[in-house]
Amino acid sequence: NDSFLPFYGFCLERNEFNQGRFVLPVSHINGLKVPFLKKIAVSRCAYESEDGKVKNIDATTDTEASGSKRGGKELLSYCRALVLQKDELRRMMKRSSKMKRPTEAPVSCVNEARALDLIRTSALRALEAFKTTIEEDEAILNNESSAPRFSWYRNAVLARIGEKRTLRHYIRLAEAINPLFECKSIKEISSRQEFLDIRSANRSTEWGYYANKYLDKVVIPLVKSGK
């Protein structure tokens with residue numbers, strides 16, 4: 001919706017491709033030199049600020065979506081690289097020296113947890129910058145007398161609440177997933193309340209669908225591999 005509004009003058013009431021903007025460092029958080037860092041997140045959804053001090057990545061809730069205005073894949077790949085430890089980078093360069101973007105694939109449980117925590121921190125900071133909460137925006141949208149459909153005011157609220165919901169999705173994802181990376185087996189994961197909550201989520205909702213997708217494609221394979 002943040003793209004629809006300036007270009008077309010309207011927003012969708014329900015838009016699964018809403019993006020959150022994540023402001024991230026332009027270099028490794030501990031000063032480690034990562035040779036392929038600048039080759040990651042170079043699509044239209046990722047760009048450095050004018051002063052070159054931060055990198056902005058616009059991402060939807062789909063962590064496998066890449067390019068143009070979707071960016072979930074770039075977000076995770078970039079954050080995995082930002083939090084690499086020396087031994088992880090060394091192993092990675094030996095194993096995949098010819099790959100341009102080796103962190104497009106998950107590195108390890110510990111690395112993934114650090115990456116999610118970095119994303120969560122960025123999302124929290126972005127949410128704090130808004131003057132209204134999601135709940136306050138929902139109240140505005142529920143009152144069509146003060147926010148009539150198709151009005152500029154309503155469209156502006158739809159645009160900002162869409163971004164906030166995406167940011168909140170990643171906060172929720174990090175808080176639900178990171179405890180699972182402490183598990184040593186799938187059996188242990190399956191007994192955790194966080195796992196059960198995700199599995200019981202309605203998969204027709206954005207949260208239920210993408211959280212389960214991330215669980216199946218990233219978390220379970222990492223824990224199974226013992227990385």
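Helix α6 gives nine residues to the lining of the largest pocket, the largest share from any element. The model is predicted: local features need pLDDT of at least 70, side-chain atom pairs count only at pLDDT 80 or more, and totals for chains, interfaces and linings use all residues. Residues are numbered from 1 along each chain as its sequence is written, and side-chain values use heavy atoms, with hydrogens and water left out.

**Overall fold**
- The protein chain holds nine helices and three strands. Helices (H or I, at least four residues) and strands (E, at least two) are DSSP runs, numbered from the N terminus.
- Along the sequence, the order is α-β-β-β-α-α-α-α-α-α-α-α.
- The protein chain has 227 residues, and 48% of them count as buried. Buried means under 20% relative accessible area, exposed means over 50%, and partly exposed lies in between (1.4 Å probe, protein chains only).
- Take the contacts in the protein chain with a separation of 6 or more: residues 24 or more positions apart account for 67% of them. Contact means heavy atoms within 4.5 Å.

**Largest pocket**
- The volume of the largest pocket is about 670 Å³.
- On a 1 Å grid over the protein atoms alone, a pocket is an open set of points where a 1.4 Å probe fits, with protein on both sides within 12 Å along at least five of seven lines. Grid points are joined across faces, edges and corners, and a volume is the space filled by probe spheres set on the points.
- The lining of the largest pocket has 24 residues, and R14, E138, I161, R165 and E206 lie nearest the centre. Lining residues have an atom within 4 Å of a point.
- Elements giving two or more residues to this lining are α5 (134-142), α6 (152-177) and α9 (206-225).
- By class, the lining has 10 charged, eight polar and six nonpolar residues. Ala, Val, Leu, Ile, Met, Phe, Trp, Tyr, Cys and Pro count as nonpolar; Asp, Glu, Lys and Arg count as charged; the others, Gly among them, count as polar.

**Packing of α4 on α9**
- Two packed helices are described by the angle between their axes and the distance between the axes.
- Helix α4 (residues 109-129) packs with α9 at an angle of about 140°, and their axes are 9 Å apart. Axes are lines fitted to C-alpha atoms, for helices over the stretch in contact, and angles run from 0 to 180 degrees between N-to-C directions.
- That angle makes α4 oblique to α9. Angles under 35 degrees count as roughly parallel, over 145 as roughly antiparallel, 65 to 115 as roughly perpendicular and the rest as oblique.
- C109, E112 and L116 of α4 meet Y214, V218, L222 and V223 of α9.
- This contact has six nonpolar residues, no polar ones and one charged.

- R90 sits in helix α3 (residues 86-95). R90 counts as partly exposed because its relative accessibility is 47%.
- R149 lies in the loop between α5 and α6. Its relative accessible area is 42%, so R149 is partly exposed. Beyond residues up to four places away in sequence, R149 touches E13, E144 and R154. R149 and E13 are 136 residues apart along the chain, and their C-alpha atoms are separated by 9.1 Å.
- R70 is in the loop between β3 (54-59) and α2 (72-82). R70 is partly exposed, at 30% relative accessible area. Leaving aside neighbours within four places in sequence, the contacts of R70 include F17, Q19, C45 and D58.
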